[in-house]
Each structure stands twice: as structure tokens, then as C-alpha cells.
Amino acid sequence: MNALWRVWDHFEEGFIAFLLAAMTLVTFVYVVLNNLYTVFYSIGDAFEPTSEFFFMLGDFIIDLAQSMTWSTALTKALFAWLIFSGLAYGVRTAGHIGVDALVKLAPRHVQRYIGILACLFCLGYAGLLSVASYEWIKALFIANIGAEDLGHIGIKQWHIGMIVPIGFAMVFIRFGEIFVRILRNEQTGLGLADEAAEAAKLGEEEPK
């Protein structure tokens, strides 16, 4: 079971890295194409004997740039997937400094109960949004509406939106893991490590 979770953890990290790389690549190509054609037009103006060739290249590149109307919509979709994939990753990597700082203010014997209460609230929130977003995606699936600027290649709105229930379901699972660890006295707050203490320690260090 632990090996399965390790595989999933690596997949989660790799998937987030892939989304970041895909967003960067699409944006980079679009920006390059929208600026590169002017280079060939300038070369064509400077060298008349070869102007027809360079003007042809410029026309070809500007046609490519104009055909990439889908790039903005795709980047938005990738960004949405990145956000909701990152929710569960943030829970796993203990991104709860504020909550943990509040827990640490309480007496030691009370910290565990505050952690349990906070975790139950988080589980309820994640569970509620998982169910609600699933109903939303089911409605989009029935409607079968094409995504903006991506419908012509077969991408539907529910294809993009399905990351919402998946993301919140993963958040629910991650908080479930934390809840079990709190019950086993393996931790007190929502973080896997004492991030609040580390942040305070860094703040107290004198700049060199």
C-alpha cells in the first residue's frame, strides 16, 4: 500500500510539472510566432533579390500565429487543471502554516483536539465541494457543450471541468490521511512538519 502511495505521489508531482511545462511551451510558441514574422519582413525589405522568399516565410508564420486562437483557451484550461491538482499537493506538502501556528498557541494537551476539529472541518468542506462539483460536471456532460475555442477539436466543457471534483476528492483523501495520523498521535496539526516554527525561526534570523 505504501508503495502505491509513493507511485501516486510521484505521478502527482510529475503531472503538475507537465502542466507547467505545457503552459509555458504553448505561451512561448504563440509569443514567438507573433513576433517572428516581422523579422522575415524586415529581411525581405532589406534584401530585394530575396524579398519574395522572406515575405513568403513571414506570411506563413503569421498564418500560423493567427491559427493559434486556441492557445489562450488551452492555457486557461491547463491553468485550471494546475490549480486543482495543486490543491491536493499543497495538503500533502503541509501548506498550512497559518492553521498550524494557531494550533501551536494552544496548550500541548489541547493541540491534538484542535487539529482533529480543524481536520474535520476541512474534510467536510472538501467532501461538500466534491459532491457539488460532481453534480455540476454531470450537468455539463449531459449538455455536451464544446469548450470555448477548443470545441472544434472535440474538447468539451466537462473535459476541462472534471478536474474540479477530482481535485477536491484528492483533497478529501489527503485530509483523511492527516486525520488518521492525528488519531494515531503521529502529528498534532494539519502539517506534516512544524512549518510554523520553521517560519518563525527564519523570521528571527538576522540578515547576514
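User: What makes the crossing of α5 and α7 left-handed?
Analyst: Left-handed is the name used if the near helix is turned anticlockwise from the far one by less than a right angle, and clockwise would be right-handed. α5 passes α7 in the left-handed way. By the way, this is a predicted model: local features need pLDDT of at least 70, side-chain atom pairs count only at pLDDT 80 or more, and totals for chains, interfaces and linings use all residues. Residues are numbered from 1 along each chain as its sequence is written, and side-chain values use heavy atoms, with hydrogens and water left out.

User: Why is α5 called roughly antiparallel to α7?
Analyst: The axes of α5 (residues 108-143) and α7 (residues 163-183) cross at roughly 160° and come within 8 Å. Axes are lines fitted to C-alpha atoms, for helices over the stretch in contact, with angles from 0 to 180 degrees between N-to-C directions. Angles under 35 degrees count as roughly parallel, over 145 as roughly antiparallel, 65 to 115 as roughly perpendicular and the rest as oblique. So α5 is roughly antiparallel to α7.

User: And what sort of residues make up the contact of α5 with α7?
Analyst: They split into 22 nonpolar, 5 polar and 1 charged. Nonpolar covers Ala, Val, Leu, Ile, Met, Phe, Trp, Tyr, Cys and Pro, charged covers Asp, Glu, Lys and Arg, and polar is the others, Gly among them.

User: How do you know whether α3 is roughly parallel or antiparallel to α7?
Analyst: Helix α3 (residues 70-92) has an axis that crosses the α7 axis at roughly 5°, and the two come within 8 Å. That makes α3 roughly parallel to α7. The residues of this contact divide into 13 nonpolar, 2 polar and 2 charged. Among those that meet are W81 and F84 in α3 and F168 and M170 in α7; contact means heavy atoms within 4.5 Å.

User: What makes a set of residues a nonpolar core, and which residues form the largest one?
Analyst: A core is a set of buried Ala, Val, Leu, Ile, Met, Phe, Trp, Tyr and Cys residues joined through side-chain atoms within 4.5 Å. Buried means under 20% relative accessible area, exposed over 50%, and partly exposed in between (1.4 Å probe, protein chains only). The largest core has 12 residues, including A88, L123 and F175. α3, α5 and α7 each supply at least two of its residues, and the largest share, 6 residues, comes from α7. Apart from it lies another core of 10 residues, among them L19, W81, I163 and V164.

User: How many helices and strands does the chain have?
Analyst: There are 8 helices and 0 strands. Helices (H or I, at least four residues) and strands (E, at least two) are DSSP runs, numbered from the N terminus. Buried residues make up 31% of the 208 residues in the protein chain.

User: What about N144, buried or exposed or in between?
Analyst: N144 is at 43%, so partly exposed. Its phi is near 55°, a positive value in a residue other than glycine.
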